[in-house]
Amino acid sequence: MADSNQGLRKPVFTKVDQLRPGTSGHTLTVKVVNAKIVLQKGRPDGPQPRQMRLAECLVGDETGMIIFTARNDQVDLMKDGTTVILRNAKIDMFKGSTRLAVDKWGRVEVTEPASFTVKEDNNLSLIEYELVNVVE
């Protein structure tokens, strides 16, 4: 039991400009530029009042920006100007553009404010992708 933490690895931090469609397992430190709730619906009439919340947050680092889709409890952490660490993040495609997301296997953590300034002229979510089927 002395070597119980031998299996843990140090995270490799990725920069925003290195993100590509269809990839996952990213760990990033980003700053929230702005956040807006796009969906909020609930069922207060049930035995357990459940609420579904969805927010699109523009996040970035010194290499670029991307839209992060925050779900439920993640929405509360995404305040303007906050620095967060996104662990095990993945790239989802939504209407031909990229979105960063953290599902139940990942984690969103608020950390101390970062010293970098966000590069606002490189928004990866503005690049449109088209699915092409290759016939062999």
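**Group meeting: a walk through a predicted model**

Let me begin with strand 4 and strand 5 (residues 97-101), which pair in the antiparallel sense over five bridges; two strands are said to pair if DSSP finds at least two bridges between them. What we have here is a predicted model, in which local features need pLDDT of at least 70 and side-chain atom pairs count only at pLDDT 80 or more, while totals for chains, interfaces and linings use all residues. Residues are numbered from 1 along each chain as its sequence is written, and side-chain values use heavy atoms, with hydrogens and water left out.

Staying with these two strands, Asp92 has Arg99 in strand 5 as its bridge partner. Strand 4 and strand 5 form a hairpin, with two residues between them. Lys95 is found in the loop between these strands, and its phi is near 50°, a positive value in a residue other than glycine. For comparison, most residues other than glycine have a negative phi. Lys95 is exposed, with a relative accessible area of 73%, where exposed means over 50%, buried means under 20% and partly exposed lies in between, using a 1.4 Å probe and protein chains only.

On which other strand does strand 4 have bridges? Strand 4 (residues 83-94) is also joined to strand 6 (residues 107-110), by four bridges, and these two run antiparallel. Within that pairing, Arg87 stands opposite Arg107 in strand 6.

Stepping back to the whole chain, the protein has one helix and six strands, where helices (H or I, at least four residues) and strands (E, at least two) are DSSP runs, numbered from the N terminus. Along the sequence, the pattern reads β-β-β-α-β-β-β. Of the 136 residues of the protein, 35% count as buried.

In the loop between strand 3 (64-71) and helix 1 (74-77) we come to Asn72, where phi is again near 50°, positive in a residue other than glycine. Asn72 is partly exposed, with a relative accessible area of 30%.

Now to the segment before strand 1 (24-43), where Asp17 lies. Is Asp17 buried or partly exposed? Asp17 is partly exposed, with a relative accessible area of 32%, and although Asp17 and Ile66 are 49 residues apart in sequence, they are 9.0 Å apart in space, C-alpha to C-alpha. Val16 lies in the segment before strand 1 as well, but Val16 is buried, with a relative accessible area of 0%. Val16 and Asn122 are 106 residues apart in sequence and 9.5 Å apart in space, C-alpha to C-alpha.

How many cavities of 30 Å³ or more does the structure hold? The structure holds one, a cavity being a set of points, on a 1 Å grid over the protein atoms alone, where a 1.4 Å probe fits but cannot get out, with lining residues having an atom within 4 Å of a point. The largest cavity has a volume of about 40 Å³, volume here being the space filled by probe spheres set on the points, which are joined across faces, edges and corners. Its lining includes Leu19, Arg20, Pro21 and Ile66, as well as Ile91, Thr98 and Tyr129.

Finally, a word on rings: Lys31 lies over the face of Phe116, at 5.3 Å from the ring centre, the criterion being that NZ of Lys or CZ of Arg is within 6 Å of the ring centre and within 35 degrees of the ring normal.

Note on methods
1 Å grid on protein atoms, 1.4 Å probe; cavity = no way out; pocket = protein on both sides within 12 Å on 5 of 7 lines; lining within 4 Å.
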